[in-house]
Amino acid sequence: MDDQYGVETNPSDRATVDPPEAFVEQANVTEADAAAFSEAWPDCWERAAEMIDWERPYDRVFDREGENGRWFPGGRVNAAINCVDRHLDERKTQAAIKWIGKRGERRTYTYLDLYREVNEFAAGLRSLGIGEGDVVTLYMPAIPELPIAMLACARIGAPHNVVFAGFSAAALAERMERADSAFLVTCDGYYRRGNAIHQKNKADNACLSVSHEVTDTVVVERLDDESVRLGDGDHAYDDLIAGHRGAEVDPVSRDANDPLFLIYTSGTTGEPTEVRHTTGGYLAHAAWTSHAVLDLEPADTYWCSADIGWITGHTYLVYGPLSLGTTTLLYEGTPDHPEKDRVWELIERNAVDVFYTAPTAIRAFMKWGTEHPESHDLSSLRLLGSVGEPLNPSAWSWYYDHVGNGECPVVDTWWQTETGSILLSTLPGVDAMKPGSAGPPLPGIEVTVVGPDGEPTTAEEGGRLAVTRPWPGMPLDLETDDGDEWRYVTEDVARIDDDGYVTVLGRLDDTVTVGNHRLGTMELESAIADVEGVAEAAIVDVCNGSADNAIYAFVSTDDRHESEQRLRDRITGSVERAIGPFAVPERFVFTPELPKTRSGKLMRRLLKDIADDGEFGDTSALRNPEIVGEIESALERE
Ligand code: WT7
């Protein structure tokens with residue numbers, strides 16, 4: 001199974017690593033705390049609920065009624081109170097958000113600043129007629145107005161719908177349409193590799209194609225570009241804030257099971273799947289895992305390098321750290337600009353205590369060389385985290401040695417958009433780490449692996465990872481098994497070792513990870529197949545024997561006379577329009593046909609094998625075995 005998924009096996013010299021002593025002594029969660037958590041489910045989750053302030057106490061921890069049950073029924077809560085107001089007594093002057101903008105800007109919002117601006121913007125949103133339950137779409141890069149808008153929405157009980165800024169107008173429109181969202185907050189534009197991206201133009205185009213009316217758009221001015229004109233229904237963010245200077249808005253008390261936000265993720269269908277997270281359970285789970293796994297506390301300066309447009313940014317850049325009163329860093333730039341030591345420079349300059357990033361980033365840092373982290377004082381770091389993909393042992397070791405100097409635990413955290421918060425990870429002050437393996441289910445979480453028939457399989461066999469009990473951060477309308485036992489079966493293939501540690505091997509469904517964003521192969525393939533001259537496309541995630549993946553597009557063409565370069569340009573344009581520039585595959589391989597079985601099924605697996613190491617199995621099941629040779633030579637030409 002390891003081979004099949006290209007997962008590096010664990011080098012025996014580092015089978016396990018104990019948490020560094022100095023960390024253990026100060027950890028938020030000790031062995032005794034962890035043991036206490038293992039009291040009966042679901043009551044153990046009261047500990048998570050205790051992390052947040054409730055306006056009305058919940059009646060029960062968990063109510064089994066309904067398909068998936070409900071967490072903390074009867075409880076009433078407001079997320080903005082938890083992330084802002086409740087810190088004012090002790091932390092008015094402490095930084096809540098430290099922003100480092102792309103053009104060298106630096107802005108710090110204390111908790112008092114954050115309180116003021118969240119209230120002013122909440123008052124501004126109200127003045128546009130936005131009330132409880134109205135979905136507000138937020139379409140912005142990593143600027144402070146994004147978390148401020150999220151919290152302002154939370155304050156007035158309007159679920160937010162953050163759409164990654166790199167998504168195209170078409171992708172934005174689809175998400176606004178599905179969310180039935182009539183309000184948009186965006187910016188005039190921003191800079192990407194020195195070029196101005198006209199975000200407002202994309203937003204306007206999206207609004208034109210949404211079937212319902214988008215009544216109001218708030219625009220953060222960022223470009224200093226006079227040519228961006230505000231039309232009817234457009235409001236400048238600064239004017240809106242200025243018009244409500246000093247306003248205070250009573251927070252709307254929300255039911256624990258009212259949605260805090262919607263977020264779309266890629267599923268197998270080729271269409272974005274809506275996930276709606278709750279206010280009570282989600283927030284409690286986010287706060288608890290930020291405390292227990294990321295070991296956050298108010299005194300920390302914490303940096304999560306994810307974009308707020310994805311779930312990681314929601315939970316671990318905004319809601320988790322701010323609910324705990326931590327200082328959270330928001331960085332707009334890229335890790336290699338102006339130099340490849342940018343990340344380490346920022347950690348040094350801001351004395352970052354906890355750093356949470358992704359395996360693709362760690363592997364890029366590795367490639368760039370140890371001299372970069374070595375040229376900075378990284379001694380402020382206490383804990384390192386990873387999320388998004390399996391963290392292969394060599395990247396794990398590099399991170400541990402060269403960034404953490406052997407003194408910081410590494411938490412390899414497994415979770416998903418659908419889980420809302422981390423479900424699998426070592427507890428950094430308690431559990432031994434096993435490079436290559438995410439770790440055991442956290443206290444209160446139970447998982448198993450199931451075979452194709454849905455029956456539990458043996459540990460060595462592995463199977464689909466399934467969560468066997470509800471967890472507080474689970475979304476509304478989670479799709480679960482209808483069987484006798486409650487079960488949320490994921491599309492991840494995993495193995496559970498004797499010690500209960502879970503190694504995630506890969507995904508079963510047709511999704512690929514592009515720069516740490518989950519995308520459906522269907523979404524990409526249909527954007528490519530839309531191009532004139534293209535017959536069909538197959539998207540394949542290729543590892544080339546390393547853990548570093550690349551997305552290949554195998555494209556069969558109608559017209560052999562069209563130049564490949566022109567076709568490639570048109571495909572690039574189509575993917576940019578349908579999804580966004582970040583989704584453009586790294587390599588294109590043109591071929592007269594794609595390999596098909598006799599029944600006409602595309603053999604994606606074969607394409608992956610050919611591209612990975614040129615070795616592949618029996619092709620006798622193919623209707624067109626001769627195509628394999630052509631594809632091999634096309635790959636060589638590339
Ligand atoms: C999928 C979820 C949740 C944050 C970011 C991505 C993969 C995530 C790990 C990990 C191995 C991981 C899984 C999962 N994944 N973390 N530590 N080890 N795989 O969110 O876009 O919802 O993707 O990312 O395949 O199902 P997402």
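Predicted model: local features only at pLDDT ≥ 70, side-chain atom pairs only at ≥ 80, totals over all residues.
**Entry 1. The whole chain**

I began with the overall dimensions. The C-alpha atoms of the protein chain fill a box of roughly 70 × 60 × 55 Å along the principal axes. I then compared the radius of gyration with the value for a compact globule. For 638 residues that value would be near 26 Å, and the protein chain has 24 Å, so the two agree.

I looked up the secondary structure next and found 20 helices and 29 strands in the protein chain. Buried residues make up 51% of the 638 residues. Of the contacts with a separation of 6 or more, 69% are between residues 24 or more positions apart.

**Entry 2. Domains**

I noted that the protein chain is divided into domain 1 (51-62 + 69-333), domain 2 (447-507) and domain 3 (511-637). The centres of domain 2 and domain 3, taken over C-alpha atoms, are separated by 30 Å.

I also consulted the UniProt record. An unreviewed entry there carries the annotation "domain: Acetyl-coenzyme A synthetase N-terminal" for residues 40-83. In the model, I found the chain over residues 40-83 to be 20% helix and 14% strand. The end C-alpha atoms of this stretch are 29 Å apart.

**Entry 3. The ligand shell**

Which residues are the closest to the ligand? I found 19 residues surrounding the ligand, and the closest are Trp-414, Gln-416, Thr-417, Val-504 and Arg-518. By class, the shell has 7 nonpolar, 7 polar and 5 charged residues.

I then asked which elements contribute to this shell. At least two residues come from each of α12 (311-323), β20 (410-413), β23 (488-496) and β24 (502-507). Domain 1 and domain 2 both give residues to the shell, and therefore the ligand lies between them.

**Entry 4. Helix α17 and strand β25**

I turned to helix α17, which spans residues 521-529. Its buried residues are Thr-521, Glu-523, Leu-524, Glu-525, Ala-527 and Ile-528. I looked up what these residues pack against and found several strands and a helix: β14 (259-266), β25 (511-514), β26 (517-520), β27 (534-542), β28 (550-557) and α18 (564-578).

Within strand β25 I examined Thr-511. Is Thr-511 buried or exposed? It has 21 C-beta neighbours inside 10 Å; the cut-off for a buried residue is 20 or more, so Thr-511 counts as buried. Leaving aside neighbours within four places in sequence, Thr-511 is in contact with Ser-266, Arg-518, Leu-519, Gly-520 and Thr-521. Among these contacts, Arg-518 is also one of the closest residues to the ligand, and Thr-521 is one of the buried residues of α17.

**Entry 5. Leu-381**

I located Leu-381 in the loop between α15 (371-374) and β19 (383-387). Leu-381 is buried, because 21 other C-beta atoms lie within 10 Å. Not counting residues up to four places away in sequence, Leu-381 touches Ile-347, Val-352, Asp-353, Phe-355, Val-403, Gly-404 and Cys-408. I also looked up its separation from Trp-99: 282 residues in sequence and 19 Å in space, C-alpha to C-alpha.

**Entry 6. Backbone exceptions**

Most residues other than glycine have a negative phi, and most peptide bonds are trans.

Ala-351 has a positive phi of about 50° although it is not a glycine. I placed Ala-351 in the loop between α13 and β18 (354-357). With 14 other C-beta atoms within 10 Å, Ala-351 is partly exposed.

Asn-405 also has a positive phi, near 55°. This residue lies in the loop between α16 (393-403) and β20. Asn-405 counts as partly exposed, with 14 C-beta neighbours inside 10 Å.

Which residues are joined by a cis peptide bond with omega of about 5°? I found that Trp-41 and Pro-42 are joined in this way, and that Pro-42 lies in the loop between α2 (31-37) and α3 (46-49). A cis peptide bond also joins His-337 and Pro-338, with omega of about 0°. Pro-338 is found in the loop between β17 (327-331) and α13 (342-350).

Terms used
Residues numbered from 1 in each chain as written. Buried ≥ 20, exposed ≤ 12 C-beta atoms within 10 Å, placed from the backbone. Helix = DSSP H or I, 4+ residues; strand = E, 2+ residues; numbered from the N terminus. Contact = placed C-beta atoms within 7 Å. Near = placed C-beta within 6 Å. Nonpolar A, V, L, I, M, F, W, Y, C, P; charged D, E, K, R; others polar. Domains from an automatic or database assignment. Rg over C-alpha atoms; globule rule 2.2 N^0.38 Å. UniProt positions renumbered as here; feature names shortened; annotations may be inferred.
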